[in-house]
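Good morning, and thank you for joining.

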Amino acid sequence: MVTTKAELTFKHNLNYGRHGWLRLTPAYSVKVVHKILEENRWIRHVLDPFSGSGTTGLACAEQNLNCDLLDINPFLIWFAEVKTANYSEAQCREARIITREIAQKLSEPNYNNELWMPAIKNIERWWPATERALLAGIYDGIHRRFPERTPVSDILLVAFCRTLIEWSNAAFNHQSMSFKESGPSLFDYENRSVLLENYLNLTDRIIESAASYIPGRVQSRLADSRVVHRTQGRLYDCVITSPPYPNRMSYIRELRPYMYWLGYLKEAKEAGELDWQAIGGTWGIATSRLAKWQPEGEAIRHAGFYLMIDKIAENSPLLANYVHKYFVDVVTHLHSVKQILRPGGKIFYVIGNSKFYDTLVPVEKIYADILRQLEFDKIEIEALRKRNSKKELVEFLVSAEKL
């Protein structure tokens with residue numbers, strides 16, 4: 001019987017050193033990567049083509065393994081670089097000193113509360129006035145001290161990101177993001193003191209884990225993983241990854257607050273453009289383009305696939321296009337992955353099934369058939385855990401070996 005296992009989700013990572021720096025709901029547990037590496041001790045060089053928050057890269061590097069990370073989102077590439085870098089004692093000490101200088105300045109009654117804020121639509125729904133002003137002050141303090149990127153500014157910006165999401169009203173625990181109501185504060189000065197104490201505590205925890213030494217080498221690269229290209233003639237031992245699921249949950253949805261504050265997004269349409277390039281992206285303009293999408297390329301050789309698409313189309317032609325395009329992109333991706341894997345190399349994909357109306361999309365079985373279509377060997381499907389939404393939804397580990 002497949003059961004819900006919180007230890008196999010991002011929740012396990014939250015109290016696991018650097019793995020807990022930022023939460024990303026679709027992220028999988030570091031325990032999954034540890035188990036794969038434990039059972040395949042011959043692995044030396046890993047690729048994660050959908051690296052997200054960098055779980056695979058950090059887990060490999062902590063075990064002195066090399067890992068290359070690819071992602072289409074520039075914020076996630078920056079975050080993975082920072083998360084897997086080494087920091088000296090002097091850099092950590094400097095980060096602590098500057099954090100306290102910033103907090104001291106913001107604790108003064110007459111601090112400047114009219115600083116730059118990002119152009120996030122309805123920003124007042126994300127953060128109450130006091131939190132917004134303090135976030136602007138923290139960001140301004142970091143930016144004034146470090147106009148250019150340095151290891152210390154990287155640590156401070158990760159702490160800033162952790163703080164802004166902790167203070168946010170947003171809830172990311174389901175597909176349609178919601179905002180909780182924030183009550184008025186009668187004692188603004190006391191409220192600011194509590195918030196700044198929280199900022200100091202969060203930053204200290206991040207600096208403490210940043211001081212740990214990471215022996216392995218991680219390289220992060222901005223790339224569209226629908227087609228993975230070989231780098232410097234390199235062939236990989238293994239691919240460990242978790243691509244987006246065909247469930248309309250967009251990564252960009254959860255990343256927008258970080259990306260706006262750090263300058264990776266300046267206006268809303270940029271998020272839609274980025275999501276259109278991602279497998280399974282549906283945010284903003286990506287949805288309108290899906291409505292016009294026509295299938296091209298290789299057919300999906302899974303029994304009943306086109307009947308399943310037709311059944312979804314009876315309720316929503318748009319969602320039928322979404323599911324169809326998702327698997328066309330997956331075929332293209334897996335074909336390219338085969339070219340950069342050495343003979344005998346293995347792939348491990350953490351993937352979840354989906355359901356649209358009454359039609360179950362057996363994602364794990366379709367992946368397995370695509371891998372057979374591409375002549376992979378030793379294809380296995382392991383049920384990892386029951387997901388928290390509909391009872392039929394399960395997360396799987398699909399693995400295979402290149403002949």
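How many aromatic pairs does the structure hold? In this model, which is a predicted one, the number of aromatic pairs is 17. Let me begin with the pair made by Tyr-326 and Phe-327. Their ring centres are 4.9 Å apart and the planes meet at 85°; planes over 60 degrees apart count as edge-to-face, so this pair is edge-to-face. Tyr-326 has a relative accessible area of 1% and is buried, and Phe-327, at 0%, is buried as well.

A second pair joins Tyr-349 and Tyr-367. Here the ring centres lie 6.2 Å apart with the planes at 50°, and the pair is therefore tilted. Tyr-349 belongs to strand 7 and Tyr-367 to helix 15, residues 363-373, so the pair ties together parts that are 18 residues apart in sequence. Are these two tyrosines buried or exposed? Tyr-349 is buried at 1% relative accessibility, and Tyr-367 is buried at 2%.

Two further aromatic features deserve mention. One aromatic cluster is formed by Trp-116, Trp-126, Trp-127, Tyr-139, Phe-160 and Trp-261. Separately, Lys-325 sits over the face of Trp-276, 4.8 Å from the ring centre.

Which strands form it, and in what order? It is an open sheet of 7 strands, ordered 5-2-1-6-7-11-10, with mixed pairing. Strand 5, residues 218-222, and strand 10, residues 376-386, stand at the edges; each has a single partner strand, so one side of each has no neighbour in the sheet. From one strand to the next, the twist averages 15°.

By contrast, strand 7 pairs with strand 11, residues 394-402, in the antiparallel sense over 7 bridges, and Lys-346 has Glu-401 in strand 11 as its bridge partner.

Next, the helices that lie on this part of the sheet. Helix 2, residues 30-39, lies across strands 6, 7, 10 and 11, and runs at about 155° to strand 6. Helix 14, residues 317-339, lies across strand 6, strand 7, strand 10 and strand 11 too, at about 155° to strand 7. The residue numbers place Tyr-326 and Phe-327, the edge-to-face pair, in helix 14.

Finally, I come to helix 4, residues 74-83. Why is helix 4 described as largely enclosed by the rest of the structure? The reason is that 8 of its 10 residues are buried. Among them are Phe-75, Leu-76, Ile-77, Trp-78 and Phe-79, and the buried set also includes Lys-83. The buried residues pack against helix 3 (55-62), strand 2, helix 8 (151-166), strand 5 and helix 10 (251-261). At the N-terminal end, helix 4 is capped by Asn-73, which has a side-chain oxygen 2.8 Å from the backbone nitrogen of Phe-75.

That concludes the presentation, and I welcome your questions.

Definitions and conventions:
Residues numbered from 1 in each chain as written. Predicted model: local features only at pLDDT ≥ 70, side-chain atom pairs only at ≥ 80, totals over all residues. Heavy atoms only, no water. Pairing = 2+ DSSP bridges. Helix = DSSP H or I, 4+ residues; strand = E, 2+ residues; numbered from the N terminus. Phe/Tyr/Trp six-rings, centres within 6.5 Å; stacked < 30°, edge-to-face > 60°. Buried < 20%, exposed > 50% of the residue type's maximum accessible area, 1.4 Å probe, protein only. Lys NZ or Arg CZ within 6 Å of the ring centre and 35° of its normal. Axes fitted to C-alpha atoms, helices over the stretch in contact; angles between N-to-C directions. Contact = heavy atoms within 4.5 Å. Polar contact = N/O pair within 3.5 Å; in protein donor to acceptor, adjacent residues only side chain to side chain.
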